Amino acid sequence: KILKRDRMLVLAAFLARWVAYLGTEIFGTDSANLMRMAELFHEHRRWEALSIGYHPAYPFLISLVSPVLGVERSGFWVAVLLGSAAAGPLFFAARDAFSRLPAFLGTLFYAVHSHIVEVHADVMTEGTFMFFLFSAIWLGGECVKKPRWSVCVLSGLAAGLSFLTRP
């Protein structure tokens, strides 16, 4: 079972990234290409989007949210939300490998480390990648402990999406 303090790690990660997002005035160098890919995905010009040459999962996720928030704001929010949510599977994977206290401290470090927070509060792939990567690791461990098809399929899906987000 998840304790309240464990859920607080995800909230702390979100708040750190949200505060950093509020101070972000411009996006990174790759961000323009990622947002262009998202626009092309939204316009159903998939081959043109894929020809830009970046891995497609993050721009595709942006394109799903962009009708509501716009492309630029969607890029920030997908990165912020998934980068924050990555604290959950990171904690579970670390708890299973070490124990609750080291998992809590390591995840707290992830939640507030300035360099990690900075790239997750920008239109960059890192937050999305870490969410899918940590999910794949945690779910893969769950498959080893107690094999269930649904969890194994989710683990494989998360691993594939991590590759499609960042090489």
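Author: Let us begin with one charged pair. A salt bridge is a side-chain nitrogen of Lys or Arg within 4 Å of a carboxyl oxygen of Asp or Glu. Here Lys145 forms such a bridge with Glu142, and their closest N and O atoms are 2.9 Å apart. This is a predicted model, in which local features need pLDDT of at least 70 and side-chain atom pairs count only at pLDDT 80 or more, while totals for chains, interfaces and linings use all residues. Residues are numbered from 1 along each chain as its sequence is written, and side-chain values use heavy atoms, with hydrogens and water left out.

Reader: Where do Lys145 and Glu142 lie?

Author: Helices (H or I, at least four residues) are DSSP runs numbered from the N terminus. Both residues lie in helix 9, 3 residues apart, about one turn of the helix.

Reader: Is Glu142 buried or exposed?

Author: Buried means under 20% relative accessible area, exposed over 50%, and partly exposed in between (1.4 Å probe, protein chains only). Glu142 is buried, with a value of 18%, whereas Lys145 counts as exposed at 52%.

Reader: Which residue of helix 6 does Lys145 pair with?

Author: Lys145 forms a salt bridge with Asp96, the closest N and O atoms being 3.2 Å apart. Asp96 lies in helix 6 and Lys145 in helix 9 (residues 126–145), so this pair ties together parts that are 49 residues apart in sequence. Asp96 also forms a salt bridge with Arg95, at 3.5 Å between the closest N and O atoms. Asp96 is partly exposed at 36% relative accessibility, and Arg95 is partly exposed at 23%.

Reader: How many salt bridges does the structure hold?

Author: The structure holds 7 salt bridges.

Reader: What describes two packed helices?

Author: They are described by the angle between their axes and the distance between the axes. The axes of helix 5 (residues 71–85) and helix 6 (residues 87–97) come within 4 Å and cross at roughly 20°. Angles under 35 degrees count as roughly parallel, and helix 5 and helix 6 are therefore roughly parallel to each other. Their contact (heavy atoms within 4.5 Å) is made by Gly83, Ser84 and Ala85 of helix 5 and Ala87, Gly88 and Pro89 of helix 6.

Technical notes
Axes fitted to C-alpha atoms, helices over the stretch in contact; angles between N-to-C directions. Helix = DSSP H or I, 4+ residues; strand = E, 2+ residues; numbered from the N terminus. Parallel < 35°, antiparallel > 145°, perpendicular 65-115°, else oblique.
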